[in-house]
Amino acid sequence: MASVVQFYCGFEFYRSALGGLKNRIADMNLLVVIGTSAAFFYSILVMILPEIFTPQMRNLYFEGSASIITFVLMGRYLETRSRNKATDFMKKLLNLKPQEATLLVEGKQIKVPADSIVKGDLVVVKTGEKIPVDGVIVEGSAEVDQSMITGESVPVLKKEGDSVIGGTINTDGYIILKAVRTGKETFLSQMTKLLFEAQEKKPSIGRLADRIVAVFVPSILVISIITFDLWYIFDRPDIAFLASVSVLIIACPCALGIATPIAVVSSVGRGAKEGILLKNPDVIERIPEVDTAFFDKTGTITEGKLAVVESMIYDKNMLKFAYPALSQSKHPVVDAVLPHIPFYDRKVEDLKTFPGRGVKAVVDSMQVIIGNRNFMEENGLKIYLPEGRTEVVIAVDKKVVAVFLLEDRIKTDAGYVVKKLKEKGIKTVLLTGDRKLTAKAVCGEAGFDECYWELLPEDKYRIIIDYQKKGRKTLFIGDGINDAPAMAVSDVGIAVLQAADLAKEAGDMIILSDDLKSVLKAYSLSEETFRVIKQNLFWAYIYNIIGIPIAAGILYPVFGILLKPIFAGIAMSLSSVTVVANALRLQIKRLEV
């Protein structure tokens, strides 16, 4: 059974070690091969030819070699599981594009595959349909949901002459657009390209063990050979063999091999309890170096949905006539406003929608007008409202009966999280696709150091690249598809609860709770885990520094103490127990929030 583990499960170690030697590279693979092979073949000799050993040397170490290979393989698995994720979320991104489109040819509407559209084609997009290509509207108007691009929670009115982006949704209206960019030139294709670039630039974790092992492995070989030669010269071949084997066994990389993976295992378990999914162990090394934290606004700092923050009801009895008209609308503001209006079940007549402005209808012979201030003015109703909020004005029978002011409210703990990050010396920056007035209001309320507004995904991506060129270590926290390029290129990417699938794939961490303070817990957990890894590696190397000379017999001439292989094996196990116990502290360590 030990042979199966040694030569089947551990075959890759042998192949990699041989490849490394051909290239004059001594790494962890060679140390695994040397240590486990020494323990394994020594045990084989003791089992088959026990008479060539003195009674005190007849010990077996099969379980030692097998357990070492198992632990190191577990670490390799943990480190590679989170890699090569680009393919999956590239497919998800490309799937945002609709499969079919409606072309306008000589006045006739024809259904065609979206991939067949070429520049100059006229494309019809109706209410509820996805826009298949990047283009310019040549006829009509519509409210377009661009949340996947800008993160804005409110659809944007697009009219003749305005540009639209493939993959966005026509929520209300009828438009004919002229295709401007198709194939690899489209926004979605460019976004995919950015993600590939980001993945290529993502730095890998600096493996402290491997860097030191490059010197450590040859040193152990030399020490083992010198140990054998010296004792042989002193005419003690029994001690020569015993000491040289003890050196190899005590230097076996059990503690080194599990120092990182056991800490990661413990960290992942603790993170799960706290609602934090650690997708990429590499982030553990990078997060303590972060000096700039970028936040998306909608759904990250804010709740991601409109809510009534102020209402002015002038005639509750007349307000009920608005209920039938609103209940038939699919506009995002309806969910926020409708609960504030008395229920009234009546038939709606002559319902007309005016994209980007409002609706008109007749209920019980009463004319109902619902919309923004501009729509009210168009209908002869003057009203004065504060800037910076989304307004819904309701008029019945040419009289304003209610006004509702809506906002995408800031999460209650947003300001606290920003403050705590600033206390750590981290610069905080808000990146949003929203308009300037809204962005500045959120920035001031939450206490950000800096704010950028009206951004597209590539803008967020470029801003982070610019900061990195200045030597800044970046953290990005977001929740939307539009955040994926920025999240992927950042040194650390964190996706919050409501994150789209693409953002979750691009992030190194996923916050599974709705509590923004979990960001602080994630930061604290990474810091503690990295601290534990450094401690583990330190103790593993200290153990070797002390244990190897004793195994070589340095105490024998003066004190008559010789570390036999069985005790070398015990010492090796104790070093592993120390490392594991230290890592398990993460399960009970209090995380700072």
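Start by selecting leucine 278: across from it, in β20, stands methionine 509. This is a predicted model, by the way. Now widen the selection to β8 and β20 (residues 509–511): the two run antiparallel and are joined by three bridges.

Next, bring in the rest of the sheet. Seven strands make up this open sheet, in the order β8-β20-β19-β18-β9-β16-β17, with mixed pairing. Look at the edges, where you'll find β8 (276–278) and β17 (450–452); each has a single partner strand, so one side of each is left without a neighbour in the sheet. On average, neighbouring strands here are turned by 20° against each other, direction ignored.

Now select helix α22, residues 518–551. It packs on the sheet and touches β8, β18 (474–478) and β20. The direction of α22 makes about 145° with that of β20.

Time to go inside. The largest nonpolar core has 46 residues, and those with the most contacts inside it are Phe295, Ile301, Leu430, Phe448 and Met509. Which helix gives the most to this core? That's α22, with nine residues. Click on leucine 430 to see its surroundings: among the residues it touches are Phe295, Ile301, Val442, Phe448 and Tyr452. There is also a second, separate core of 29 residues, including Leu306, Ala322, Tyr344 and Ile370.

Last stop: helix α19, residues 457–469. Its 13 residues reach 19 Å from first C-alpha to last, close to the expected 18 Å. Among the buried residues of α19 are Pro457, Tyr461, Ile464 and Tyr467. Following α19, pick out glycine 471, with a positive phi near 90°.

Key
Residues numbered from 1 in each chain as written. Predicted model: local features only at pLDDT ≥ 70, side-chain atom pairs only at ≥ 80, totals over all residues. Heavy atoms only, no water. Pairing = 2+ DSSP bridges. Helix = DSSP H or I, 4+ residues; strand = E, 2+ residues; numbered from the N terminus. Axes fitted to C-alpha atoms, helices over the stretch in contact; angles between N-to-C directions. Contact = heavy atoms within 4.5 Å. Expected span 1.5 Å × (residues − 1). Buried < 20%, exposed > 50% of the residue type's maximum accessible area, 1.4 Å probe, protein only. Core = buried A, V, L, I, M, F, W, Y, C linked by side-chain atoms within 4.5 Å. Lists of a residue's contacts leave out its neighbours within four places in sequence.
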